[in-house]
Amino acid sequence: MTEAAHTPRVFSGIKPSGGLTLGNYLGAIKRWVDMQDQGMETLYCVVDMHAITVWQDPAALTHATREVAAAFIASGIDPAKSILFNQSMVSGHAELGWIFNCVARVGWMNRMTQFKDKAGKSAEKASLGLYAYPSLMAADILLYHATHVPVGEDQKQHVELTRDIAAKFNHDYKCDNFFPAPEPVIEGPATRVMNLRDGSKKMSKSGASDMERINMTDDADTIAKKFKKARTDPDGLPDTLEGLQGRAEARNLVDIYAGLSNQSPEAVIAEYAGAGWGRFKPALADLAVDKLAPISTEMKRLMDDPAEIDRVLRHGADQARAIAEPILARTREIVGFVS
Ligand code: TRP
């Protein structure tokens, strides 16, 4: 049998493990806000079940879950326009995840670079959940028949695996097009924000020095200080983008400026051609404070009322369940489960 065509639907998620950085904001949340207003249904999820693939202190997990939700809302994700919820409140993720564990092949999991990076030499001691993580991620997306998945470059392989799982399920169960083949949506100048002290490394929430990243909870003074102290090179800004070749730190600051000001890196270079860091860095610091400080202030306000955040998440989970339930019911029927 062939199922009906799929309407466009966006799904994406962030793990609540530790804090959020400028990388999460420019690479994900800000783009999700833009997609919210493009006429597609949007689901944004705090993926707490993914977080526990590595040990999380329970109280810290609760706090981080609310903080990611607060960051979404403070950044402009509007619970009246988008479905905002945490994964564990919708049990269909776990249920479909299991079915996909039985569709995906061990060989496919062995090719996932993120598992190799994260588990490293101690793969024997990694949780079984960390290994199966990509199949739960496929369930997150396909539980809603989502068609568009905004993610960073590092998650592209997981979205491709999701397509493979969808195709194999549809083929094995002879239900052509039941699960859609979702597209990864990877775009924008600053989808990969780099470390402020070492431009060859990604900005990460777990790096040793706090000076190497901008946290979404940083206040105005901290944001300004970090940009003013960001590492650069002796040359100032070039006249063309090519002049940033091989200058990772300089390129990163231009990309951040572009991302925060909604311009292309070319436009930023055109504006600051030949400028020294003494001019560019304060301008970047002002721009960043302007855009980010209101978000951290609003996050703080929201975090003072956790019951309200929980209420928003519960409402989102109800909406998510309403979409998932018929898809899950049909899946059970296709698989042959008696209900
Ligand atoms: N794996 C993603 C990350 O580490 C998070 C994630 C989980 C996700 N499920 C998802 C992203 C579904 C997009 C869609 O960043």
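In the predicted model, a nitrogen atom of the ligand is placed 2.7 Å from an N or O atom in the side chain of Asp-140. A nitrogen atom of the ligand also lies 2.8 Å from a polar side-chain atom of Tyr-133, while an oxygen atom of the ligand is found 3.3 Å from an N or O atom in the side chain of Lys-15. Each of these separations falls within the 3.5 Å taken as the limit for a polar contact. Of the 370 Å² of accessible area that the ligand has on its own, the protein covers 90%.

The space taken by the ligand is the largest pocket, and the elements that give two or more residues to the shell around the ligand are β1, spanning residues 9-14, and α7, spanning residues 128-142. The greatest contribution to this shell comes from α7, with 4 residues. Around the ligand there are 13 residues, of which Lys-15, Tyr-133, Met-137, Asp-140 and Gln-155 come nearest. By residue class, the shell around the ligand divides into 7 nonpolar, 4 polar and 2 charged residues.

With regard to the overall fold, the protein contains 13 helices and 5 strands. The radius of gyration of the protein is 21 Å, which is close to the 20 Å that the globule rule gives for 339 residues, and the protein is therefore as compact as a globular protein of that length. Taken along the principal axes, the box filled by the C-alpha atoms of the protein has dimensions of roughly 70 × 45 × 40 Å.

Technical notes
Residues numbered from 1 in each chain as written. Predicted model: local features only at pLDDT ≥ 70, side-chain atom pairs only at ≥ 80, totals over all residues. Heavy atoms only, no water. Near = heavy atom within 4 Å. Polar contact = N/O pair within 3.5 Å; in protein donor to acceptor, adjacent residues only side chain to side chain. Areas by Shrake-Rupley, 256 points an atom, 1.4 Å probe, with all protein chains shown as cover. 1 Å grid on protein atoms, 1.4 Å probe; cavity = no way out; pocket = protein on both sides within 12 Å on 5 of 7 lines; lining within 4 Å. Sits in = over half its atoms within 2 Å of the grid points. Nonpolar A, V, L, I, M, F, W, Y, C, P; charged D, E, K, R; others polar. Rg over C-alpha atoms; globule rule 2.2 N^0.38 Å.
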